[in-house]
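I opened the model this morning and kept notes as I went. The entries follow in the order I looked things up.

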Amino acid sequence: MNWTKREQELKFKLPMLVAGIAVTMVACSGEEATTEVAEQAAATSVENAVDQITEEYIREVMIEISADDYEGRGPATAGDIKTRKFLIEQMTEIGLEPGMPDGSWEQPFEMVSVNTLPPEGWKFEGHGKSMTFDFYDDFMINGDNQQSQPSVENAEVVFAGYGIQAPEFGWDDYKNIDVTGKVVLLMNNDPDWDDDLFAGETRLWYGRWDYKFLTAAKNGAAGVIIIHTIPSAGYPYQVLQTSNIGPQMELPVGDEARAQFTSFMTEDAVRELVSMAGKDLDELYEAAYNADFQAVPLGVTTSIALDVEVDSVTTANVLGVLPGSDPELKDEYVIYTAHHDHLGIGPANDEGDTIYNGAMDNASGVGQILAMAKAFVALPEAPRRSIMFLFVGAEEQGLLGSKWYAANPTVSPGKIAANLNYDGGNLHGPTNDIVYIGFGKTSIDELVIEYAAEQGRVVKPDQFADRGYFYRSDQFSFAKIGVPAVYLEPGTDFVDRPPEWGRQVVENFTNNHYHQPSDEYDPNWNLSGMIDDAQIGFWTGLAVANADEMPTWNEGDEFEAVRLEALAAEED
Ligand SMILES: [Zn+2]
């Protein structure tokens, strides 16, 4: 970074960044010269504060919580407890206050642990034939209703296309068919060939399997099979194998509709299954690429009974707060999030390693948020609004910690100015860009653009919009309660590297290490780009915390209405 340039920039943006200090000085002295001196002093101290975001400290955090003795930080394990203890120690040392209204650091929540024992095989019959598929190689399956013996008997299999009901796009894959008690066979993703339909290649909530499971259950389906393909999922089948074995955690189901089971099947297996019905899978796909599509009963039935161990377990979100300095605004919050959990202990990889260390995912995010906390505490004066550092649990189990927080917020949603989420940092050096998941949705865009520009970088929207990342990390839970939410991700245009290098590095990590035991700390990782990204998050959060008004969703955004409601609720 160019120091002189930085100083100039700081002077330029001082009025906004350290508004509180500058105004106080003017009031005290009334002399411009004194104000300027004060501004320069403040600039130096703000710069000193941001210098607290160091590679050394982030490495320390990553090494610590991705070590084998944290056992991969699986929720409700000894490793989980150890991680939470570490976070509390760090936040205490940094000088934060406990984030819970009762003065504690943890927001515990109950989860239902559902451990579906691998069935021997899965048999389908029809058209005078029968076919049995192998667990693990051909399919992964989970009990869906939090009961110990979910089952279906002679349930008909129906190919229901994408399994989407979206009146705003004139789309209903469940029209003119009753799937009650049946097993629906579904394609992943949402229609992606037309920009006016389901946002083209950008994956919406409709394209996510959790939406498909819920919608199938609402329509009465007893079971769901999602056809796995790499393009439609965005990751290889291996990721489903490792993340769907052993206990799966969920929030208690309440009165939500649930199927007996949900499953994923390889495309090769599904090809055989539909051929038993005399159908060609590609022809079924072709038919489903159309709003006029009519679901196709395959004339195939299946029976399966699962043994499921159902248990109640507890984990916790861990939260600390830096109280704001403005008496009017301190009850409003900027909330930084990073999930502290990972997958725990699971199936061995080729090297016999069973610990899913989660160094990138998400020890790197935890390290960045803790480093930002240090920077905020080091400011000459706390920001006007309060800052919360929220480490959520059980993200890998379906954003459970952030969902729980959003349903039981310690600050009412209309008082949460923004959420900035970090999940997976840059390990490969400085980039010319930063990726902003959720770009184009809120007024926070202009801040991120400004601070990226100060680093000589550009902001890019999601580079893999077809994968629906906005709906796959914790900021989504905040967006759903109306909070303007930002998820900053590593850039892919690396300094002094050919243009395709970054994308290849990301693809390589996704295919070989993402959610694998090999996501382990590597001393060769270059964290300089991660520091840049964390600094942008720091400056952005600081500006939001000091601004007169809270950020807003762009007009017409999918989350604008719920925000306006939340703000109106504060006026009552
Ligand atoms: Zn993650």
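**Ground rules.** This is a predicted model, where local features need pLDDT of at least 70, side-chain atom pairs count only at pLDDT 80 or more, and totals for chains, interfaces and linings use all residues. Residues are numbered from 1 along each chain as its sequence is written, and side-chain values use heavy atoms, with hydrogens and water left out.

**Confidence.** I checked pLDDT, the predictor's confidence in each residue, from 0 to 100. The chain has a mean of 90, and 94% of its residues reach 70 or more. Residues 1-30 stay under 50. Where pLDDT is low, the predicted coordinates should not be read in detail.

**Zinc donors.** I listed His339 (NE2), Asp361 (OD), Asp423 (OD) and Asp423 (OD), at 2.0 to 2.5 Å from the zinc ion. Donors are N, O and S atoms within 2.8 Å of the metal (3.2 Å for Na, K and Ca); water is not among the atoms, so sites may look incomplete. Along the chain the donor spacing reads H-x21-D-x61-D. Histidine 339 lies in strand β15 (residues 333-339), and aspartate 423 in the loop between β19 (416-421) and β20 (433-437), 84 residues apart. Helices (H or I, at least four residues) and strands (E, at least two) are DSSP runs, numbered from the N terminus. I found both histidine 339 and aspartate 423 buried, meaning under 20% relative accessible area with a 1.4 Å probe, protein chains only.

**Sheet.** I traced an open, mixed sheet of 8 strands in the order β4-β3-β13-β6-β9-β10-β12-β5. Strands pair if DSSP finds at least two bridges between them. β4 (129-134) and β5 (139-143) are at the edges with a single partner strand each, so one side of each lacks a neighbour in the sheet. β3 (residues 121-126) runs antiparallel to β4, joined by 6 bridges.

**Helix α13.** In this helix (residues 445-454) I noted buried residues, including Leu447, Val448 and Tyr451. Glycine 456 follows α13 and has a positive phi, near 75°.

Methods:
Contact means heavy atoms within 4.5 Å. Buried means under 20% relative accessible area, exposed over 50%, partly exposed in between (1.4 Å probe, protein chains only).
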